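Please look through the sequence and the model shown below before reading on. The briefing after them is meant for someone meeting this structure for the first time.

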Amino acid sequence: MEYISTRGGAGTVDFEGALFSGYAPDGGLFMPRCIPSLDRDTLRRWSRLSYRDLVKELCFLFITADLIPRSTLNDLIDRAFSRFRHKDVVHLSRLKDGLNVLELWHGVTYAFKDLSLSCTGQFLQYFLEKKQKHVSILVGTSGDTGSSAIESVRGQRNIDIFVLLPKGFCTQIQELQMTTVIEDNVHVFAAHGNSDEIDEPIKDLFTDVDFARKYNLMSLNSINWSRIMVQIAHHFYAYFQCASSLDTNPLPVVEIVVPTGGGGNITAGCIAQKMGLPIQLVAAVNSNDIIHRTVQRGDFSLSEGMKATLASAMDIQEPYNMERILWLLSGSDSRLMKMLMEQFSILKSLQLPKDLHMKVSSLHRQCRVCEE
């Protein structure tokens with residue numbers, strides 16, 4: 001499996017190359033060159049798998065055996081999930097009137113990001129030990145990414161992690177999860193500004209190719225493909241738990257509501273759709289509603305300022321994974337992505353082309369949720 005930048009100017013890399021990158025050198029995000037398409041027999045077979053085994057099957061589609069042999073990959077994923085409190089790793093709670101909640105919070109920090117980051121941490125260790133290499137991880141966080149990233153690599157001698165948290169914008173629990181980890185390889189800084197403003201200097205460091213290479217920089221934010229890859233499993237597992245039958249033609253459609261900030265999990269849902277999973281995605285945002293406006297009106301523009309809400313981890317104005325979604329829906333049009341994203345970078349305002357907006361609004365629904 002080869003990976004390319006959404007902006008088309010970075011050449012191809014394998015999974016290891018995508019894993020150890022932040023932004024691609026051209027400022028884009030790495031994506032698989034082609035998305036695998038699953039037939040009905042595969043879906044039926046996968047429907048009988050546990051969450052843990054579903055993650056293994058999905059990862060094997062995107063990681064070639066010459067990079068990580070299948071048996072080793074299975075062991076790494078088992079190790080990643082060994083610290084989860086629930087025996088099934090995740091659990092579906094069935095409520096009234098056909099409403100279900102997929103519990104993704106049984107990891108160490110109680111954030112859903114524990115699922116993808118625990119696997120990503122294992123993949124990192126595998127390659128680092130194999131090549132006797134050291135990396136510096138840069139993470140900007142709006143709350144839950146920082147603590148999950150720290151837990152995935154704490155105490156590892158060949159990794160240093162540097163976390164920037166926005167002073168006064170994280171919950172107290174999340175801030176304490178980050179600032180009370182006493183390990184030599186964990187470095188946490190409180191920074192002035194919101195999470196979007198923190199991301200700007202981090203992005204600048206990654207696009208400085210010489211600096212990034214000198215210090216072996218990488219990121220564990222959801223710009224990292226490995227996190228998106230693992231999150232695809234959430235959508236398959238939810239579908240298989242909720243679909244009435246896989247013997248009907250066409251297959252039943254399941255609606256999945258995804259609370260979203262940076263857009264990583266909703267991106268994973270889009271990839272699941274591309275793979276053939278019949279789901280309807282609903283992007284649920286708080287008052288920082290750029291995704292709502294993008295789906296509704298094609299208006300991918302910053303509002304006047306970040307609004308602090310009860311869901312601080314979702315207080316994001318620049319959902320960087322929208323670039324991946326737009327790339328998918330544009331038919332992998334890297335030239336268009338480069339033009340649109342460069343315009344957004346300069347003006348912080350973008351009106352999607354009409355045909356691209358139609359594709360976005362037809363594949364997604366959205367809702368803006370108030371504090372109450």
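What follows goes through domains, cores, helix packing and a few individual residues.

This is a predicted model, and every value given here is computed from it. The chain is divided into domain 1, covering residues 36-219, and domain 2, covering residues 253-368. A nonpolar core of 103 residues, the largest in the model, draws at least three residues from each of these two domains.

**Domains**

- The centres of domain 1 and domain 2, taken over C-alpha atoms, are separated by 21 Å, and the contact between the two domains takes 19 residues from domain 1 and 14 residues from domain 2.

**Nonpolar cores**

- Within the largest nonpolar core, which has 103 residues, those with the most contacts inside it are Phe15, Tyr51, Phe123, Ile137, Trp225, Ile232 and Phe236.
- The largest share of this core comes from helix 10 (residues 225-242), which supplies 11 residues, and the core also takes at least three residues from each of domain 1 and domain 2.
- Leaving aside residues up to four places away in sequence, Phe123 touches Phe15, Leu19, Cys59, Ile63, Ile68, Leu73, Leu76, Ile77, Ser226 and Met229.
- Another core, of 11 residues, lies apart from the largest one, and Tyr23, Ile202, Ala212 and Tyr320 are among its members.
- As general background, nonpolar side chains tend to be buried together in soluble globular proteins.

- Gly331, which follows helix 13, has a positive phi, near 75°.
- Helix 11 (residues 264-274) packs with helix 13 at an angle of about 20°, and their axes are 9 Å apart.
- Since angles under 35 degrees count as roughly parallel, helix 11 is roughly parallel to helix 13, and the crossing in which helix 11 passes helix 13 is left-handed.
- On the helix 11 side, Ile266, Thr267, Cys270, Ile271 and Lys274 meet Arg324, Ile325 and Leu328 on the helix 13 side.
- Thr267, which lies in helix 11, counts as buried at 0% relative accessibility, and, not counting residues up to four places away in sequence, Thr267 touches Ile228, Asn321, Arg324 and Ile325.

**Helices 6 and 7**

- The axes of helix 6 (residues 144-153) and helix 7 (residues 172-179) come within 9 Å and cross at roughly 30°, and these two helices are therefore roughly parallel to each other.
- Helix 6 passes helix 7 in a left-handed crossing, with the contact made by Asp144, Gly146, Ser147 and Ile150 of helix 6 and by Gln174, Gln177 and Met178 of helix 7.

**Backbone details in loops**

- Asn249 and Pro250 are joined by a cis peptide bond with an omega of about 5°, and Pro250 is found in the loop between helix 10 and strand 9 (254-259).
- Tyr110 has a positive phi, near 70°, in a residue other than glycine; the place of Tyr110 is in the loop between strand 4 (100-103) and helix 5 (113-131), and Tyr110 is exposed, with a relative accessible area of 54%.
- Asn216, which is not a glycine either, has a positive phi of about 50°; Asn216 is placed in the loop between helix 9 (209-214) and strand 8 (217-219), where it counts as partly exposed at 28% relative accessibility.

**A buried glycine and its surroundings**

- Gly298 lies in the loop between helix 12 (290-297) and helix 13, and at 0% relative accessibility Gly298 counts as buried.
- Between Gly298 and Pro353 there are 55 residues of separation in sequence, while their C-alpha atoms are 7.8 Å apart in space.
- Not counting residues up to four places away in sequence, Gly298 touches Arg293, Leu350, Gln351, Leu352 and His357.

Conventions. Residues are numbered from 1 along each chain as its sequence is written. This is a predicted model: local features need pLDDT of at least 70, side-chain atom pairs count only at pLDDT 80 or more; totals for chains, interfaces and linings use all residues. Side-chain values use heavy atoms; hydrogens and water are left out. Helices (H or I, at least four residues) and strands (E, at least two) are DSSP runs, numbered from the N terminus. A nonpolar core is a set of buried Ala, Val, Leu, Ile, Met, Phe, Trp, Tyr and Cys residues joined through side-chain atoms within 4.5 Å. Buried means under 20% relative accessible area, exposed over 50%, partly exposed in between (1.4 Å probe, protein chains only). Domain bounds come from an automatic or database domain assignment. Contact means heavy atoms within 4.5 Å. Axes are lines fitted to C-alpha atoms, for helices over the stretch in contact, and angles run from 0 to 180 degrees between N-to-C directions. Angles under 35 degrees count as roughly parallel, over 145 as roughly antiparallel, 65 to 115 as roughly perpendicular and the rest as oblique. A crossing is left-handed if the near helix is turned anticlockwise from the far one by less than a right angle, and right-handed if clockwise.
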